[in-house]
Amino acid sequence: MSTKRCREKFTFWLNLTNNSEYEIAEQITELKRKRSFSKTIRDGIRLIYDLRQGNTTVLVELFPWVKENLKPQETTGEKVLREQ
């Protein structure tokens, strides 16, 4: 008989003697206070997984303004040539 899991809990450790992990712990406390910790973790995992696959779909979904920044920027030489 197979049972379908509806929810699952994952646990991880942070080394609080490491400054960057200590800062993450502080951010987690704030996210939990705002009740946005779980969504942030889900979005973060989706984002990292997508980027590691060479995709930017989730990046643009979460941060639409980034799409404009991903466009190639015109160099000064290209601008002068276009204006001529």
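The legends below describe an overall view and several close-up views of one predicted protein model.

In this predicted model, local features need pLDDT of at least 70 and side-chain atom pairs count only at pLDDT 80 or more, while totals for chains, interfaces and linings use all residues. Residues are numbered from 1 along each chain as its sequence is written, and side-chain values use heavy atoms, with hydrogens and water left out.

View 1. Along the principal axes, the C-alpha atoms fill a box of roughly 70 × 45 × 25 Å.

**View 2. The surface and the contacts of the protein chain.** Of the 84 residues, 10% count as buried, where buried means under 20% relative accessible area, exposed means over 50%, and partly exposed lies in between (1.4 Å probe, protein chains only). The protein chain exposes about 8,300 Å², and carbon and sulfur atoms supply 54% of that area, as given by the Shrake-Rupley method with a 1.4 Å probe. Among contacts (heavy atoms within 4.5 Å) between residues at least 6 apart in sequence, 3% join residues at least 24 apart.

**View 3. The aromatic pair of F63 and W65.** A search of the whole structure finds one aromatic pair. The ring centres of F63 and W65 are 6.2 Å apart and their planes stand at 70 degrees, so the pair is edge-to-face; rings of Phe, Tyr and Trp (its six-membered ring) pair if their centres lie within 6.5 Å, with planes under 30 degrees apart counted as stacked, over 60 as edge-to-face and the rest as tilted. F63 counts as partly exposed because its relative accessibility is 34%, whereas W65, with a relative accessible area of 56%, is exposed.

View 4. From E23 to Q53, 30 residues apart in sequence, the distance is 28 Å, C-alpha to C-alpha. Between W13 and A25, twelve residues apart in sequence, the distance in space is 9.8 Å, C-alpha to C-alpha.

**View 5. R35 in the loop between α1 and α2.** Most residues other than glycine have a negative phi. R35, although it is not a glycine, has a positive phi of about 60 degrees. This residue, R35, is found in the loop between α1 and α2 (37–52), and at 80% relative accessibility R35 counts as exposed.

**View 6. R52 in helix α2.** R52 lies in helix α2 and counts as exposed, at 72% relative accessibility. R52 and L70 are 18 residues apart along the chain, and their C-alpha atoms are separated by 17 Å.

Definitions and conventions. Helices (H or I, at least four residues) and strands (E, at least two) are DSSP runs, numbered from the N terminus.
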